[in-house]
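Here is a quick briefing to read with the structure open beside you. Take it one topic at a time and find each residue as you go.

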Amino acid sequence: MLCAILTAVRSFSSSLFRPKLAGRVVQASSPIVIDSAGVYIRATALKDGTLLAGYAATDGSQHVLRAARSINGGLSWSRQGEVYRADEVTHDLDNAFPLQLPSGRLLYAYRNHDRPNSQYTYYRITVSYSDDSGKSFKYLSTVAQRAASGVNGLWEPFLRIANDGTIQCYYSAENSSTDQDGFMRESSDGGLTVSNY
């Protein structure tokens, strides 16, 4: 028995580490289009085995954050719900990041900036939540915010659950056009309040 297992492991590992052709990229399948108006998609696995994607799109003169769901490992997607919508002339929405909590609640972090007349005036990293599998969302909290002053934007939130159960939100904060820092803020109450930095 042990011999058979070792032979199977040796066979599997040798196929895994076979030399590959350098610089050759092979398309695994045809591209799957979730939303032809969508950009900057991020997906997360849910407890029920499905996938939930968060992304931004343009709908006429509005920016919209959407959620889509796949029940077959990403082979096809259906629109699940809408997170937030704002006029593109005055607002900038993007950098969606969904995460499911152990309770089943979905969190959805995103950048949420004021930009009247194409000039940033205020930056935010916002979190919304859904208790109906992503069909509808409500505001939960603001992770970070500040008034625009030169190049000092807040960008690209990333959510995760730490080993101790706290929710961590990582994001980028610009100091200038050539310098930025990474920050992490955490929440021990499901994202309702976040730590100071």
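In the hairpin of E9 and E10, 5 residues sit between the strands, and Gly165 there takes a positive phi near 90°. Keep in mind that this is a predicted model, where local features need pLDDT of at least 70, side-chain atom pairs count only at pLDDT 80 or more, and totals for chains, interfaces and linings use all residues. Residues are numbered from 1 along each chain as its sequence is written, and side-chain values use heavy atoms, with hydrogens and water left out.

- Strand E9 covers residues 154-161 and strand E10 covers residues 167-176. Helices (H or I, at least four residues) and strands (E, at least two) are DSSP runs, numbered from the N terminus.
- E9 and E10 pair in the antiparallel sense over 6 bridges; two strands pair if DSSP finds at least two bridges between them.

**The overall layout**

- The protein has 1 helix and 11 strands.
- Of its 197 residues, 39% count as buried. Buried means under 20% relative accessible area, exposed over 50%, and partly exposed in between (1.4 Å probe, protein chains only).
- Take the contacts between residues at least 6 apart in sequence: 41% of them join residues at least 24 apart. Contact here means heavy atoms within 4.5 Å.

**The four-stranded sheet**

- Strands of a sheet pair through backbone hydrogen bonds, either parallel or antiparallel.
- Which order do the strands take in the open sheet of 4 strands? The order is E5-E6-E7-E8, with antiparallel pairing.
- E5 (91-100) and E8 (138-147) are the edge strands, each pairing on one side only.
- From one strand to the next, the twist averages 20°. The axes are lines fitted to C-alpha atoms (for helices, over the stretch in contact), and angles run from 0 to 180 degrees between N-to-C directions.
- E7 (residues 122-130) and E8 run antiparallel and are joined by 8 bridges. In this pairing, Ile125 stands opposite Ala144 in E8.

**Ser130 in E7**

- Ser130 has its place in strand E7. Is Ser130 buried or exposed? It is buried, because its relative accessible area is 1%.
- The Ser130 side chain makes a polar contact with the side chain of Asp132 at 2.8 Å. A polar contact is a pair of N or O atoms within 3.5 Å; within protein, one must be able to donate a hydrogen and the other to accept it, and residues adjacent in sequence count only if both atoms are side-chain atoms.
- Leaving aside neighbours within four places in sequence, Ser130 is in contact with Arg105, Leu106, Lys135, Ser136 and Phe137.

**Aromatic rings**

- The whole structure holds 9 aromatic pairs. Rings of Phe, Tyr and Trp (its six-membered ring) pair if their centres lie within 6.5 Å; planes under 30 degrees apart count as stacked, over 60 as edge-to-face and the rest as tilted.
- Tyr108 and Tyr110 form an edge-to-face pair, 6.0 Å centre to centre with 65° between the planes.
- The rings of Tyr108 and Phe137 have centres 5.4 Å apart and planes at 65°, so this pair is edge-to-face.
- Tyr108 lies in strand E6 (residues 106-114) and Phe137 in the loop between E7 and E8, so the pair ties together parts that are 29 residues apart in sequence.
- Tyr108 is buried at 0% relative accessibility, Tyr110 is buried at 2%, and Phe137 is buried at 12%.
- Tyr84, Tyr108, Tyr110 and Phe137 form one aromatic cluster.

**Nonpolar cores**

- A nonpolar core is a set of buried Ala, Val, Leu, Ile, Met, Phe, Trp, Tyr and Cys residues joined through side-chain atoms within 4.5 Å.
- The largest core has 19 residues, and those touching the most other members are Leu107, Ile125, Val127, Val143, Leu154, Leu159 and Tyr171.
- E5, E6, E7, E8, E9 and E10 each supply at least two residues of this core.
- Apart from this core lies another, of 13 residues, among them Val83, Ala96, Tyr108 and Phe137.
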